[in-house]
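Here is a friendly briefing to read alongside the model. Please keep the sequence and the 3D view open as you go.

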Protein chains: 2
Amino acid sequence: MHPFKDLEVSLIDNLLYIIFVDDVMYNSTRFMIDSDIKGLLSDLQTLVRQPSISSKKEGLEECANLVSNIMRKSGIYSTVFYYDTSTPYNRKSTIPPIVYGEVKSKSNPNGNTLLFYNHYDVQPVEPIDRWEVNPFGGEIKDGKIYGRGAADDKGELITRIKAAEYLLRERGDVPCNIKFFVEGEEEVGSPHIASYLQKFRQRLACDGIIWEFGYVDTQGRPIINLGMKGMLYVELVSRGLSHDLHSSLAVLVRNPIWNMVKALNTIWDDKNAKILIKDWYNEVKEFTADELAFIQHQPLYDIDEFAKKYRINRFLKHFDDREGIKRVLAGAPTCNISGIDTGYIIQGAKTVIPALAKVKIDFRLVPNMNPELQFQRLRAHLREKGFSDIETSFIHGVSASRTSFKHPFVKILKNTAEKVYRKRSIVNLSSAGSGPMSIFVNTLKCPCVAAGCTSIFSNIHGPNEYADIGLLKKGTILMMEIIRDFSR
Amino acid sequence: MHPFKDLEVSLIDNLLYIIFVDDVMYNSTRFMIDSDIKGLLSDLQTLVRQPSISSKKEGLEECANLVSNIMRKSGIYSTVFYYDTSTPYNRKSTIPPIVYGEVKSKSNPNGNTLLFYNHYDVQPVEPIDRWEVNPFGGEIKDGKIYGRGAADDKGELITRIKAAEYLLRERGDVPCNIKFFVEGEEEVGSPHIASYLQKFRQRLACDGIIWEFGYVDTQGRPIINLGMKGMLYVELVSRGLSHDLHSSLAVLVRNPIWNMVKALNTIWDDKNAKILIKDWYNEVKEFTADELAFIQHQPLYDIDEFAKKYRINRFLKHFDDREGIKRVLAGAPTCNISGIDTGYIIQGAKTVIPALAKVKIDFRLVPNMNPELQFQRLRAHLREKGFSDIETSFIHGVSASRTSFKHPFVKILKNTAEKVYRKRSIVNLSSAGSGPMSIFVNTLKCPCVAAGCTSIFSNIHGPNEYADIGLLKKGTILMMEIIRDFSR
């Protein structure tokens with residue numbers, strides 16, 4: 001769940017395809033020869049060709065074993081951990097396993113330890129008819145490798161594995177300790193990540209975490225995210241009848257949709273973009289002067305171009321200035337209705353009083369907001385406003401996470417990325433998206449940064465997902481350089 | 001579109017199954033011998049076995065021809081009229097034809113003319129897995145004939161055809177002139193009925209119309225409806241984006257659902273069950289003292305039983321008293337949301353800003369309200385409240401119709417029904433439902449009454465639709481008696 005995941009590509013950014021042969025400034029390059037790239041692509045094809053759709057519980061154990069095998073082949077110690085080993089594995093009911101990997105530095109065993117967090121599961125491929133290639137084919141053409149997971153997250157994962165492999169090949173050792181933690185439920189909200197981390201927290205002890213994604217913008221600038229937003233995902237249900245009723249009876253019967261509309265109306269002030277639930281903003285902190293100065297000096301996305309691409313015509317009031325960028329990257333809790341399920345929605349005129357109205361709302365949270373507490377505030381609000389008959393379900397909750405931009409780990413990442421991409425980086429205080437980053441940071445007590453090699457228009461989550469081969473090379477070198485630089 | 005059409009049966013009302021052999025009080029009975037019933041059921045099976053689903057344009061011409069053939073076999077002059085005869089018939093694009101039928105009275109050619117309005121099209125059969133019989137089988141068991149259209153409207157239609165046939169057989173004549181007008185688009189809102197009526201209004205000239213349906217309650221009491229409500233069916237669309245967007249961008253982008261919620265909120269006062277659109281109620285008249293007295297003395301449905309059956313727990317304020325019954329049968333314009341289509345509604349947590357929110361609203365109208373005018377008032381309201389960006393579509397509109405309870409035609413119907421059913425009738429000033437009755441009444445300038453033989457729990461529009469064979473007999477006799485009594 002991060003900001004560009006379900007966007008589609010409109011233009012193929014050929015500028016990003018940098019001919020690698022010109023790249024001679026790093027030591028690592030001498031190890032990225034043609035055969036290395038072939039090996040990387042071949043292993044990535046192996047992973048892409050194995051469907052591993054967590055929402056359908058399809059191919060997960062198979063994919064975990066493939067990842068573990070590739071790690072072992074690369075010289076990484078690897079094992080597959082099951083959540084519950086007391087019962088036999090069952091495709092449909094078992095919690096998908098974790099792939100663990102580890103390379104101890106012989107020369108620097110007591111030095112830093114870097115943890116890579118990735119995931120081997122992917123999004124479903126529907127709508128299948130909009131794919132121009134086999135979603136599980138791993139087809140290579142025009143400098144790209146296509147397929148579900150080619151970028152998110154099998155592509156990013158392979159760059160991390162290959163970085164360790166090439167370093168091991170170079171000198172038979174790695175400059176710092178490396179660990180891998182690869183889960184199989186990221187695309188369904190990582191429901192067991194907290195339990196897994198608790199269970200393996202000693203084994204996972206580390207000094208810095210590289211998050212599973214990292215983007216590159218259309219100008220070839222690396223985007224580094226220092227945090228993720230939190231999330232409270234709820235369902236509200238208003239019920240009125242055992243099943244849909246002929247609407248002629250609307251003279252007598254209250255329609256549960258109307259009840260829902262009236263309740264929703266009390267939650268959000270659309271004109272002022274403000275959540276109207278009491279105490280909702282209590283824990284929200286203003287940016288510090290340092291943070292504001294940092295934001296002020298960062299290069300920004302071209303939001304206008306973005307708005308044009310998606311024909312966005314309804315903006316909140318702050319859109320046009322730098323304040324808007326601040327909202328995206330770090331500030332501003334949101335209250336977004338993701339969907340309403342009620343009544344007859346097909347072509348034509350059917351006349352029913354729907355039995356119920358169900359609404360899905362995602363509230364994005366900023367640091368210090370607690371999803372459980374916010375949920376209680378929502379419930380209290382509905383009660384107080386006279387809507388205690390509306391059922392509330394807590395579907396999913398996670399706190400925001402943010403590593404300080406002043407942390408030495410961030411400086412290493414930023415410098416390394418700028419060196420590899422030969423561009424000034426964009427450092428975001430937070431991604432606009434949400435994810436379980438806070439669980440890692442809080443359990444393992446260390447900084448966490450998202451950096452990688454995915455073009456922001458890679459069709460992630462959509463049809464025709466691809467990874468740019470030039471960027472996969474750069475991503476691998478980036479990871480090699482991070483490992484080097486983190487050892488110093 | 002009338003009130004009990006999509007209700008399901010819970011109990012089979014065996015009390016209604018009156019052994020016909022005991023019924024010796026009418027002249028007509030001697031013509032309803034066993035072979036007559038066999039003929040009626042056989043013709044009804046022929047019609048039920050021919051699917052004629054107007055929403056899918058399936059089997060319509062075929063069914064129209066079957067109806068016409070059955071009429072001819074019964075001694076009724078019949079022809080099939082096409083809307084446009086200049087182009088060859090095309091299953092998918094042609095407007096379904098009308099079946100016209102006529103029997104001139106030899107003994108009374110200048111006397112009254114009675115018009116039967118019916119339809120040969122049916123609702124779709126989905127959900128197919130909930131049928132316990134073949135929906136197009138016409139299976140007979142336990143005194144019932146099953147199948148889509150067995151009651152609505154092929155069952156009602158066959159009683160009218162058979163009434164003419166048996167009268168013709170009895171004396172080689174009918175006591176008054178009879179006309180049949182059977183359309184093929186009732187289940188999709190009769191979009192061409194006005195044009196057909198205009199085109200054939202001279203041929204259809206008559207002194208009274210029997211509407212296509214008529215119910216019998218669980219106590220065996222005939223329900224006679226003197227009118228139907230009007231309808232304004234609209235779709236509202238709020239747009240914001242070219243397609244769904246990741247909801248992390250809700251910090252910048254206005255969600256079109258919120259715009260819709262805010263707009264809907266201004267339309268309806270849920271607490272007081274009142275439409276908030278300016279001038280909405282301008283043309284609504286209070287009941288006259290006569291009408292109030294009439295309602296006061298009518299027997300009523302058992303609304304409590306009905307509420308229990310459907311587990312209705314959300315009532316408008318007037319539900320528990322006789323005032324509520326008045327609302328159902330005649331008063332109270334409604335504003336009902338039939339469905340909202342927006343965003344992600346499947347199991348699980350997806351986080352999107354939906355590209356658009358679409359809402360279907362059915363407004364029931366009472367006499368004197370003009371659907372076009374009300375639509376303009378809705379548009380003006382949205383503009384005035386700041387929602388001119390919400391698109392409004394007029395999907396369907398029809399005015400209410402009401403024949404006075406004092407009309408002599410009504411008295412004939414009421415007396416005849418009470419004689420045949422041997423119960424006091426329930427006479428409703430209007431059905432709670434809507435239909436094109438006003439188009440008939442206004443074009444042909446004559447009274448129109450709905451009476452027939454369908455149990456209110458016949459699963460009309462739902463799975464396992466059936467007609468009670470005892471009621472089909474009674475319905476046929478009712479029509480024979482109406483034809484007799486209308487000639488006097």
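In which loop of chain B is Asp153(B) found? Asp153(B) is in the loop between β5 (144-146) and α3 (154-171) of chain B. This is a predicted model, in which local features need pLDDT of at least 70, side-chain atom pairs count only at pLDDT 80 or more, and totals for chains, interfaces and linings use all residues. Residues are numbered from 1 along each chain as its sequence is written, chains are lettered from A and ligands numbered from 1 in the order in which they are written, and side-chain values use heavy atoms, with hydrogens and water left out.

**Backbone features to look up**

- The peptide bond between Asp152(B) and Asp153(B) is cis, with omega about 10 degrees.
- Chain A has a cis bond from Asp152(A) to Asp153(A), with omega near 10 degrees, and Asp153(A) is found in the loop between β5 (144-146) and α3 of that chain.
- As background, most peptide bonds are trans, and most residues other than glycine have a negative phi.
- Asp142(A) has a positive phi, near 50 degrees; this residue is in the loop between β4 (140-141) and β5 of chain A.
- Asp142(A) counts as exposed, at 69% relative accessibility (exposed means over 50% relative accessible area, buried under 20%, and partly exposed in between, with a 1.4 Å probe and protein chains only).
- Lys445(B) also has a positive phi near 50 degrees, in the loop between α11 (437-444) and β21 (448-449) of chain B, and is exposed at 68% relative accessible area.

**Nonpolar cores**

- A nonpolar core here is a set of buried Ala, Val, Leu, Ile, Met, Phe, Trp, Tyr and Cys residues joined through side-chain atoms within 4.5 Å.
- The largest core has 95 residues, and Ile209(A), Trp211(A) and Phe440(A) are among those that touch the most other members.
- Helix α12 (residues 469-487) of chain A gives this core its largest share, 10 residues.
- Apart from that core lies another, of 94 residues, including Leu60(B), Ala150(B), Val449(B) and Ile477(B).
- Beyond its neighbours within four places in sequence, Ile209(A) is in contact (heavy atoms within 4.5 Å) with residues including Leu115(A), Phe409(A), Leu444(A) and Val449(A).

**Helix α2 of chain A**

- Helices (H or I, at least four residues) and strands (E, at least two) are DSSP runs, numbered from the N terminus.
- α2(A), residues 60-73, has 14 residues and reaches 20 Å from first C-alpha to last, close to the 20 Å expected at 1.5 Å a residue (1.5 Å times one less than the number of residues).
- Its buried residues include Leu60(A), Ala64(A), Val67(A) and Met71(A).
- Seen down the axis, the buried residues of α2(A) fall within an arc of 160 degrees, so they line one face of the helix; the arc is that of the directions from the helix axis to the C-beta atoms.
- These residues pack against elements of chain A including α1 (34-48), β1 (77-81) and β6 (177-183).
- Gly75(A), with a positive phi near 95 degrees, follows α2(A).

**Strand β11 of chain B**

- β11(B), residues 230-239, is mostly covered, with nine of its 10 residues buried.
- It runs antiparallel to β17 (residues 356-365) of chain B, joined by 10 bridges, with Val234(B) opposite Ile361(B).
- β11(B) also pairs (DSSP finds at least two bridges) with β18 (residues 391-398) of chain B, in the antiparallel sense over seven bridges.
- In β18(B), Thr392(B) is the bridge partner of Leu236(B).
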